[in-house]
Structures are given as structure tokens and as C-alpha cells.
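The sequence and the coordinates are shown below for reference.

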Amino acid sequence: MGLAFGDLNCDGHMDLFGSNAGDWSLTNLPVPNEVGDFSSRWFLGRPDGTFSDPGVGALKGTPFGWGVSMADYDNDGDTDIISYGGLDIGPYVDASNPGTIYQNQGCTANFKYDAAALAGSTDHRRRVVQGLATGDLNGDGFVDIVTVSNADYPQSAPLAQYTAEYGSPFDKLATFVPTFRPTAQAEFIWDKIQATDGTLSVEINSGGNGNGWAAVKLRGSVGTIEGGRAPRDGIGGVVFFTPQGGKTVMRPVLGGGSYASQDSLEGTFGLGAATEGMVEVLWPGGARNRLYNVRSTERITFPEIPCSYTAAWPSTEAYRACVDRALGGLTRNGVLNQAGASRLLESALRAYAERGGVSQAR
């Protein structure tokens, strides 16, 4: 259904989450299946480019999903998963997903269902949600959630319980709207439960847990300076963020994602108790840039500098000359001010030196 990408176990390899039919939605039909066959689940990237399937762990089973996003909703420094969805199956409407946040347990890719996070919001089981997108709508440093449904059912519509139970926290939430009822003649009669047009839902994350954050938006340089390869919005770039003393997470910048949706192009990264962190960007084409000492509550627009600190430069002077030219062009074209250019130059030289300069370049 939907796809989301990030690094769930902080090992430097990109992972993915795919939403699926869930472990309850088809149990009313004569469809042979075992728990896990239709789980919405995550897959972990490995060094050889393949993915492992660790299963869903203590969750046992997961509900139906369409839209999905990876985001650090609680700003504790690891990547969580947000997944919503409902489906008109025909004789009934799957309503097993109330709006689900899978909370990462400290960069382990082991998740628990955080029921409390959305307890004061809408129960989405009567909304047939498809689209989902995330971003910081009110500028408070915590990621908010926008969803859209293609149909809604009134509060008077009954929610019937699926009979399948797996020892999952979703067992008691796994319900359906019985829009048709079976007859003795193996036919179905409409129960006169009328859906209305779908709705837009905006859920503002209250934050307030004291965790720090930083926001990063990419700015590609193609057509702006010589050597620029990334598009203006930074589509295709991957942002890595490392809180001071913490583990590195990643966020790719995608032109479309989830299901028929688009997350904010600005990424919000949790700092936990740290007060600053480091940003690294892998640009389309392979160039890598760094920015050190990104402070809590800081919003950074990071421009593409087509001079990778990891490249095999003949000398430090050659690398610095490339960076100087790029920053000069970005400044002349109004992308950077002088202070921003100086900060990026200092970080570029530090990254090159820490990599080992010429002797360690590859």
C-alpha cells in the first residue's frame, strides 16, 4: 500500500516500512492466512544491499494501512513509524486502525504501540484513511500528522469485533463496520449504514516533553553554480543527523511518498537531551557535505556544495578551492549570506581533516 524509508536501527543502512492488509482485515472472508502473512511491517537494510524481515516482534500482528511515514514524533533521537488506513472490503469496512504510532525502542527497530500519543485525538476507525503526510505545521519542532479519507462513517455506525486474536495490543481495537449482513441464502443485504464524503484531519503534536530538535531543508544547486547536480528542492538527497553523544539517523528527501501523499521536504530531527548535533548530506551524484554544531531549535537550509569531502583530492588546497568557488557562487546568487558561507567552509575543512585528507581519501 504505502512505503516509508529511514534508518530504524541506526546502523547506517536504509530501512523501509510497507503497509499492508493487516492481520485482521481478511479474517471474515474464506481467505487462508496465518498471523504475519498480511502484516504491515518493516524491513532492515543490510550491507550487501538486501533486506531482512525481523517480523513485528511483541506486537504479534499489525492493522491495515495505506499511508505511512517515518518520523521522530517524540524527538528522542530515533526514527518511529506512523501508519493509518481503512478499506471498504465489500460486505464490511475494515476499521482495525485507529491511527497508529509505532514507537521505536531506542534505535533497536523494536516497536511498541503508543496508544497514549493519539488518545486525545480522533479515533480514525470510522474514517477510511488513505493519504498520510507529516511535517511541522506550527513551527514548534514536533512533527504533525495530516490524513485524508475517501469516506467516513457516522459515530452511530456500529464497530463489530473481529474474532481473531493474537495476543496483540491491537486485538481489542481490531474492528469492522458491518455495512452488509449475511443471509441464510449466502447473500448479503445492505444494512443501510450510509457513508459520507471523506475528510481532512490535521493532528498537531503537542510535544512538550523537553526533547530538543533541529530542522533541515535541502537546497540543490543545479542551474545555480557550476557542478551542481541536485534539483532545487533536494529531491534524492539523504540527510544524516547525529545528536551529540547519540546515534545517527537518516531521512531521504522524496518527491512523493506514503500513499499518494507528500511529506514536508523539511526534515525534523530529534536531539533528545542533547543541545546540538551534526548534519551530513549525501547528494544525488555522490557528493557528501557536513555541517557541525547545529544547535537545538535551529532551522537550517543546507545548499549543495559539489565538492565531496570524501573524494580523492590531490591536495587540501584543491579541495578548499572547490569549496570556495561553490560558496562564492551560492553567495552571489543569494542562496547564502556571508556568515552562512563561512560556517559551511569551516565545517567542510573540518570534515576533510577528520576524514584524513589526501592520505585517507577514497
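## Largest pocket

In this predicted model, the lining of the largest pocket comprises nine nonpolar, five polar and two charged residues. The space within this pocket amounts to about 250 Å³. The lining is made up of 16 residues, and those closest to the centre of the pocket are Tyr 73, Ala 117, Ile 204, Asn 205 and Ser 206.

## The sheet of E1 to E4

Four strands, in the order E1-E2-E3-E4, make up an open sheet with antiparallel pairing. Strands of a sheet pair through backbone hydrogen bonds, in either a parallel or an antiparallel manner.

Going through the pairs in order, E1 is joined to strand E2 (residues 15-18) by four bridges in the antiparallel sense, and Leu 3 is found opposite Gly 18 in E2. Between E2 and E3 there are three bridges, again antiparallel, with Phe 17 opposite Trp 42 in E3. Strand E3 (residues 41-45) is largely enclosed by the rest of the structure, because four of its five residues are buried. E3 in turn pairs with E4 over two bridges in the antiparallel sense, where Leu 44 stands opposite Ser 52 in E4. The hairpin of E3 and E4 has five residues between the strands, and in this hairpin Gly 49 adopts a positive phi near 90°.

## The sheet of E5, E6, E9 and E10

An open sheet of four strands with antiparallel pairing has the order E5-E6-E9-E10. Its edges are taken by strand E5 (68-71) and E10, each of which has a single partner strand, so that one side of each is without a neighbour in the sheet. On average, and with direction ignored, neighbouring strands of this sheet are turned by 20° against each other.

Within this sheet, strand E6 (residues 80-83) and E9 run antiparallel and are joined by three bridges. The bridge partner of Ile 81 is Tyr 102 in E9.

## Disulfides

Two disulfides are found in a search of the whole structure, and with bonded cysteines counted along the chain they follow the pattern 1-2, 3-4. One of them is formed by Cys 10 and Cys 107, whose sulfur atoms are 1.7 Å apart. Since Cys 10 lies in the loop between E1 and E2, while Cys 107 lies in the loop between strand E9 (100-104) and strand E10 (111-113), this pair ties together parts that are 97 residues apart in sequence. Cys 10 and Cys 107 are both buried.

Cys 307 and Cys 322 are also joined by a disulfide, with an S to S distance of 2.1 Å. Cys 307 is located in the loop between strand E25 (299-303) and helix H1 (316-332), and Cys 322 in helix H1, so the pair ties together parts that are 15 residues apart in sequence. The torsion about the S-S bond of Cys 307 and Cys 322 is about -80°, and the disulfide is therefore left-handed. Cys 307 counts as buried because its relative accessibility is 1%, and Cys 322, at 11% relative accessibility, likewise counts as buried, the cut-off for this class being under 20% relative accessible area.

Methods
Residues are numbered from 1 along each chain as its sequence is written. This is a predicted model: local features need pLDDT of at least 70, side-chain atom pairs count only at pLDDT 80 or more; totals for chains, interfaces and linings use all residues. Side-chain values use heavy atoms; hydrogens and water are left out. On a 1 Å grid over the protein atoms alone, a cavity is a set of points where a 1.4 Å probe fits but cannot get out, and a pocket is an open set with protein on both sides within 12 Å along at least five of seven lines; lining residues have an atom within 4 Å of a point. Grid points are joined across faces, edges and corners, and a volume is the space filled by probe spheres set on the points. Ala, Val, Leu, Ile, Met, Phe, Trp, Tyr, Cys and Pro count as nonpolar, Asp, Glu, Lys and Arg as charged, and the others, Gly among them, as polar. Two strands pair if DSSP finds at least two bridges between them. A disulfide is a pair of cysteine sulfur atoms within 2.5 Å. Buried means under 20% relative accessible area, exposed over 50%, partly exposed in between (1.4 Å probe, protein chains only). Axes are lines fitted to C-alpha atoms, for helices over the stretch in contact, and angles run from 0 to 180 degrees between N-to-C directions.
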